[in-house]
Amino acid sequence: RGLGDVYKRQVLSFSLLPLTAAISTAAQAQDTNNQLEPVTVTTTRGNSEAGETPQKITVIKRDEIEQQMAITNDQAQVLSNLIPSYSPSRQKLSNAGESFRGRSPLFMIDGVPQSNPLRDSARDSYTIDLSMVERIEVIYGASAEHGLGATGGIINYITRRADTGTINQEASVSLTSDDDFDSDGQGHKVDYSISGQKGDWDYLGAISQQKRGVFYDGDDQLVGIAYPGELQNSTSYDVMGRVGYWIDDNQNIELMLNHFELEGEGDYVPV
């Protein structure tokens, strides 16, 4: 059963015409009640509708992302919690060793691939902060529509859209700490966004900054640092801006800039 499936029941006609008509009417009513709104996925170049393609499609909505972000700010862990076939997070600065259905996924932002075989960044799964993502579209199975690299499937981050209104602002602050409140185990995250619409134009600007402390295990011992670096004891920031012009109700032109940086503090080294 896929998203947007519409179930139809065939009715066989017999000599009892009144009964056949009654059954047909009931089946049509059931079709109407069970019909779901179509889900359009913009990951593929031709656009696909869930239930109309042989590939399995999953759409992770904003409220699901926010629920996971209340538990963890580890991007790979959020994907692992929401996509059963995505491997658990290794909490590294790179996404090396993580897989989708046992193979490599192709990560995209608004349909733009974040790496290619000639320049594999080894961290293409974490090139935008989740606070700037409206939904995540997942297509299972190998695909070459966007070039090489999607042997396991496609994971497409769709950025947040401008809210209705001339000026809309949103800000959030979060603090983290280990259970003993050690100074080196404390961290924070600050997000701010501004968006709006005016006539045929819309705009969105967002910035996010995060500081992670070191990680402690259940015995209050420091978790060791290993190559190629850890998410712990790191700092990241993301700056994104987008402006769009709507040609008509279905077509628009956009210019987007996204700069993401994640760097380890280097206070601890492997021994």
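## Cavities

Two cavities of 30 Å³ or more are present in the structure, which is a predicted model. The largest cavity has a volume of about 100 Å³. Its lining comprises 14 residues, of which A76, K92, S94, E98 and S125 are the closest to the cavity centre. Sorted by class, the lining of the largest cavity consists of six polar, four nonpolar and four charged residues.

The second largest cavity has a volume of about 50 Å³. M69, T72, N73, Q75, V78, Y126, D129, L130, K189 and Q210 form its lining. Four of these lining residues are nonpolar, four are polar and two are charged.

## Nonpolar cores

In soluble globular proteins, nonpolar side chains tend to be buried together. In this model, the largest nonpolar core contains 23 residues. Within this core, the residues with the most contacts are L79, I83, L130, I136, V138, I155 and Y157. Two or more core residues are supplied by each of the helices α2 (62–69) and α3 (75–82) and the strands β4 (105–109), β6 (133–140), β7 (153–159) and β10 (201–212). The largest share, four residues, comes from β6.

Another core, of seven residues, lies apart from the largest one; L106, M108, I139 and A150 are among its members.

Neighbours within four places in sequence being set aside, L130 is in contact with R62, I65, M69, Q75, V78, I136 and Y157.

Key. Residues numbered from 1 in each chain as written. Predicted model: local features only at pLDDT ≥ 70, side-chain atom pairs only at ≥ 80, totals over all residues. Heavy atoms only, no water. 1 Å grid on protein atoms, 1.4 Å probe; cavity = no way out; pocket = protein on both sides within 12 Å on 5 of 7 lines; lining within 4 Å. Points joined across faces, edges and corners; volume = space filled by probe spheres on them. Nonpolar A, V, L, I, M, F, W, Y, C, P; charged D, E, K, R; others polar. Core = buried A, V, L, I, M, F, W, Y, C linked by side-chain atoms within 4.5 Å. Buried < 20%, exposed > 50% of the residue type's maximum accessible area, 1.4 Å probe, protein only. Contact = heavy atoms within 4.5 Å.
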